[in-house]
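The following note sets out comments on the model under review.

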Amino acid sequence: MARGPLRRLAAGLAVAALLTGGCAVSGINLVQDQRVRILAPGPDDEVTVPLTIRWEAERVEGLTFAVFVDRAPIKPGASLRSLAEDDDVCLSRPDCPDAGYLASKGVYVTTEPSVTLPGLPDHRATEEHRRDPHFATIVLIDGDRRVGESAWYRDFSIIRKST
């Protein structure tokens with residue numbers, strides 16, 4: 001190989017190394033976590049309220065479940081208190097966020113493998129529609145902080161009377 005093509009090859013490899021050096025994947029869980037399995041409602045089930053979301057869990061000793069309904073969960077490592085970051089009244093109280101505050105935000109914390117929701121807001125575009133779409137995401141909590149990146153998600157619809 002002549003010197004010119006060798007230099008171009010070396011320069012090309014150096015540029016490729018620089019461009020892909022920031023693309024390393026680390027600290028991301030690429031394996032599907034199957035410690036939690038949502039039992040009810042089933043995928044895309046049509047349900048009524050009150051609604052009980054049930055699941056079974058393995059290898060979660062000492063952890064708590066946080067169920068986020070119709071909202072994204074907190075980020076891995078974040079505290080439940082971050083849900084009140086813009087609420088000075090809540091942040092001024094040492095017991096906040098409490099269960100009532102969290103429920104007002106669509107978040108339910110439990111040590112049991114289920115949570116019962118007495119009702120949910122109506123998200124239908126018009127009252128003529130019967131299906132009212134909702135979703136729930138379960139994450140693991142240690143104390144008040146989210147553990148890891150794993151999350152378990154379920155879509156469901158509440159069937160409402162059309163007018």
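1. How many residues lie between S7 and S8 in their hairpin, and which residue in the turn has a positive phi? Two residues separate the strands, and Gly-143 is the one with a positive phi, at about 70°. The two strands run antiparallel and are joined by two bridges, with S8 covering residues 145-146. Across this pairing, Asp-142 stands opposite Arg-145 of S8.

2. The model is a predicted one, and the comments here should be read accordingly. The secondary structure of the protein chain consists of three helices and nine strands. Along the sequence these follow the pattern α-β-β-β-β-α-α-β-β-β-β-β.

3. Of the 163 residues in the protein chain, 34% are buried. The chain exposes about 10,400 Å², and carbon and sulfur atoms supply 54% of that area. When contacts between residues at least 6 apart in sequence are considered, 65% of them join residues at least 24 apart.

4. Strand S7 deserves a point of its own. S7 spans residues 131-142 and is joined to S4 by six bridges, the two strands running antiparallel. Within this pairing, the bridge partner of Phe-65 is Leu-140 in S7. S7 is also joined to S9, residues 152-159, by eight bridges, again in the antiparallel sense. There, Arg-131 stands opposite Ile-159 in S9.

5. A separate matter is the open sheet formed by three strands in the order S1-S3-S6, with antiparallel pairing. Strand S1 (36-40) and strand S6 (114-117) stand at the edges with a single partner strand each, so one side of each has no neighbour in the sheet. From one strand to the next, the twist averages 20°. The antiparallel pairing of S3 with S6 extends over four bridges. In this pairing, Thr-52 has Thr-116 of S6 as its bridge partner.

6. The structure holds two aromatic pairs. One of them is formed by Trp-55 and Phe-65, in an edge-to-face arrangement with 5.2 Å centre to centre and 70° between the planes. Trp-55 belongs to strand S3 (residues 51-57) and Phe-65 to strand S4 (residues 64-69), so the pair ties together parts that are 10 residues apart in sequence.

7. Finally, the count of disulfides comes to one. This disulfide joins Cys-90 to Cys-96, with an S to S distance of 1.7 Å. Which hand does the link of Cys-90 and Cys-96 have? The link is left-handed, with -100° about the S-S bond. Both Cys-90 and Cys-96 are buried. For the discussion of this point, it may be recalled that a disulfide is a covalent bond between the sulfur atoms of two cysteines.

How values were computed:
Residues are numbered from 1 along each chain as its sequence is written. This is a predicted model: local features need pLDDT of at least 70, side-chain atom pairs count only at pLDDT 80 or more; totals for chains, interfaces and linings use all residues. Side-chain values use heavy atoms; hydrogens and water are left out. Buried means under 20% relative accessible area, exposed over 50%, partly exposed in between (1.4 Å probe, protein chains only). Contact means heavy atoms within 4.5 Å. Accessible areas come from the Shrake-Rupley method with a 1.4 Å probe; for residues, only the protein chains shown count as cover. Rings of Phe, Tyr and Trp (its six-membered ring) pair if their centres lie within 6.5 Å; planes under 30 degrees apart count as stacked, over 60 as edge-to-face and the rest as tilted. Two strands pair if DSSP finds at least two bridges between them. Axes are lines fitted to C-alpha atoms, for helices over the stretch in contact, and angles run from 0 to 180 degrees between N-to-C directions. A disulfide is a pair of cysteine sulfur atoms within 2.5 Å.
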